[in-house]
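Let's take a friendly walk through this fold together. Have the sequence and the 3D view open side by side, and follow along one residue at a time.

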Amino acid sequence: MDALTIDIRPAETEDTWQVAETHCQSWEYAYNGLLPHTSLRKMFERRNATWWRRAITGTANVMVLDVGGTIAGYATFGKNRVVEFSEEGEIYELYLRPEYQGVGLGRKLFTESLRFLDTLGYEGCIVWSLEDNDGANRFYQAMGGEQMAKGYEVFNGKKFPKIAFTWT
């Protein structure tokens with residue numbers, strides 16, 4: 001009998017295509033009907049495998065959730081981009097393919113991302129989530145995040161409210 005392995009590790013160049021595919025699948029699932037269709041299509045075109053290869057081989061922090069050789073999720077993180085907040089670290093993205101959601105893998109990826117931010121010397125963490133993304137907001141609240149601020153993302157010229165969750 002073969003054992004199923006679950007590994008959270010830094011992304012490697014061999015992961016490029018699967019990370020790009022995971023990005024498309026998870027964003028389609030999370031934002032279809034929430035964001036304008038043309039914005040999603042443009043994002044998928046821009047964040048293609050070439051873009052992910054540059055991110056993985058560059059200075060970006062990209063972690064993957066590898067389930068038996070399949071990239072089931074990814075997280076990107078680093079220095080907080082909003083200087084007004086005291087939290088030094090930020091998780092920019094944390095996404096799972098839809099079929100891997102709801103079984104605790106997101107929790108594992110999130111926890112490992114926080115741990116890695118800590119090893120980089122960042123105290124505290126912030127995550128932004130669209131206000132209408134109920135699933136993500138419930139997840140971050142369940143992970144102990146406190147709503148700290150609101151902001152906006154603009155897609156196709158329209159403002160979409162977002163929420164900042166923080167951990168100290």
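Predicted model: local features only at pLDDT ≥ 70, side-chain atom pairs only at ≥ 80, totals over all residues.

Leaving aside residues up to four places away in sequence, phenylalanine 44 touches His23, Cys24, Trp27 and Glu28, where contact means heavy atoms within 4.5 Å. Phenylalanine 44 lies in helix 2; helices here are DSSP runs of H or I with at least four residues, strands are E runs of at least two, and both are numbered from the N terminus. Its relative accessibility is 10%, so phenylalanine 44 counts as buried (buried is under 20% relative accessible area, exposed is over 50%, and partly exposed is in between, using a 1.4 Å probe and protein chains only).

Residues are numbered from 1 along each chain as its sequence is written, and side-chain values use heavy atoms, with hydrogens and water left out.

Now look at one of the partners of phenylalanine 44. Histidine 23 sits in helix 1, and at 0% relative accessibility it counts as buried. Not counting residues up to four places away in sequence, histidine 23 touches Met43, Phe44, Arg47, Trp52, Tyr74 and Glu93.

Helix 1 (residues 16-31) and helix 2 (residues 37-46) pack at about 165° with their axes 10 Å apart; axes are lines fitted to C-alpha atoms, for helices over the stretch in contact, and angles run from 0 to 180 degrees between N-to-C directions. The two helices are therefore roughly antiparallel (over 145 degrees; under 35 is roughly parallel, 65 to 115 roughly perpendicular and the rest oblique). On the helix 1 side, the contact is made by His23, Cys24, Trp27, Glu28 and Tyr31, and on the helix 2 side by Leu40, Arg41, Met43 and Phe44.

The axes of helix 4 and helix 5 come within 11 Å and cross at roughly 60°, which makes helix 4 oblique to helix 5. Here Gly106, Arg107 and Phe110 of helix 4 meet Phe139, Tyr140 and Ala142 of helix 5.

What has the most contacts inside the largest nonpolar core? Ile91, Leu94, Phe110 and Tyr140 do, in a core of 22 residues; such a core is a set of buried Ala, Val, Leu, Ile, Met, Phe, Trp, Tyr and Cys residues joined through side-chain atoms within 4.5 Å. Elements giving two or more residues to this core include strand 4 (89-96), helix 4 (105-119) and helix 5 (134-142). Helix 4 gives the most, with 4 residues. A second, separate core has 21 residues, among them Ala11, Trp27, Tyr31 and Leu40. In soluble globular proteins, nonpolar side chains tend to be buried together.

Finally, visit the loop between strand 6 (146-155) and strand 7, where asparagine 156 is found. Asparagine 156 has a positive phi of about 50° although it is not a glycine. With a relative accessible area of 47%, asparagine 156 is partly exposed.
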